[in-house]
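Please read them beside the coordinates.

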Amino acid sequence: MNAVYYNSEIDDDARRAQLYEGQLIVFSRRPSTIALCEFARQMSEEAFAPHDPREAQHHMPVEQYVEILAELKPKFIHHPKCKELIAAILEDVGCELENTYFDVPRLRAVTSDAYLTSGLGYAFKPHRDSWYSTPMCQLNWWLPIYEITPENTMAFDLNYWDRPIENSSSEFNHQDWQQTGRKDALKLVKKDTRRQSEALEPLQLEPQLRLITERGGLTIFSAAHLHSTVANTSGSTRFSIDFRTVNLADLSARNGAPNIDSACKGTTIHDYLRGTDRSPVPRPIRDLYENSTLKHLSGLVSVSN
Ligand SMILES: [Fe+2]
């Protein structure tokens, strides 16, 4: 059973436990989330001026659109202000910044009617982030920058929270992906040929959950949830922000969602920065994830070096 908690006031320890059980957490927009979204909105509007970013796809060839995104995305992702704004959100919803680590935020532009579906506009097929070398305690945070509709949001495929899927994660290594896959995104305009972690069996995606929050509304979910980008048929581009967090105690204890079907190599452990001073995850814990192949399928935890 997966429940959705709205504006829950439980503390962060209890909330993480719920998230690891597959529950979804939603917060109404609040000043801290609005601040991050407004910052992204302002940067996007400057980049696509004189067009509204949601409508820009109708006014230019896709190659020009990709050029704009290629400049906008890294500018947003690595802007120092984003880190401050994310830390403010985490603190606002009760995370202990000392023990909470986050990665840089992504800015997603999901165009309508398959205008751009590859490279920088890649529409993620149903996947678990845990198929992409994350620790099992990773949480995903997602916010739409403009209003969304069921036709241009993201979807949770709840049939598979506790149902293993045959998938290609065993061929995925985060370190290889960072060296090649991400850089190649710039070149991929018409077709995406990068090897992604994906399901290798037909999926039964209905019924599917699409949470429609207001702009700046926040959805938090476990990296183990199967989720996907909805094929956008709304007529306008969806802009959203997502970032990820891990908690130090959970990393150390290897707490998190059960791993029922991920077999990837490599680790995202180097990507997270501490909420207080932006320092990396402490070396002993990085070593724990770096030097081991995690195999705790079906709840059986064993770590092999
Ligand atoms: Fe994802």
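1. Two residues are taken to be in contact if their C-beta atoms, placed from the backbone, lie within 7 Å. The model is a predicted one, and every point below should be read with that in mind.

2. In helix α3, the residues that count as buried are Y65, V66, L69, L72, K73 and F76, and the elements that cover these buried residues include α2 (31–48), α4 (80–92) and β4 (106–110). The length of α3 (residues 62–77) is consistent with its residue count, because its 16 residues should span 22 Å at 1.5 Å a residue and its end C-alpha atoms are 22 Å apart.

3. Strand β1 (residues 4–6) pairs with strand β2 (residues 24–27) in the parallel sense, over three bridges, and within this pairing Y5 stands opposite I25 of β2. Together with helix α1 (residues 12–20), β1 and β2 make a right-handed β-α-β unit.

4. Strand β2 is also joined by three bridges to strand β7 (residues 218–222), and here the two run antiparallel; the bridge partner of F27 in β7 is L218.

5. For the chain as a whole, which has seven helices and 12 strands, the radius of gyration of 18 Å agrees with the value near 19 Å that a compact globule of 305 residues would have. The C-alpha trace spans about 55 × 40 × 35 Å along its principal axes, and 40% of the 305 residues count as buried. Among contacts with a separation of 6 or more, 84% are accounted for by residues 24 or more positions apart.

How values were computed:
Residues numbered from 1 in each chain as written. Predicted model: local features only at pLDDT ≥ 70, side-chain atom pairs only at ≥ 80, totals over all residues. Helix = DSSP H or I, 4+ residues; strand = E, 2+ residues; numbered from the N terminus. Expected span 1.5 Å × (residues − 1). Buried ≥ 20, exposed ≤ 12 C-beta atoms within 10 Å, placed from the backbone. Pairing = 2+ DSSP bridges. Right-handed = clockwise from strand over helix to strand, strands pointing away. Rg over C-alpha atoms; globule rule 2.2 N^0.38 Å.
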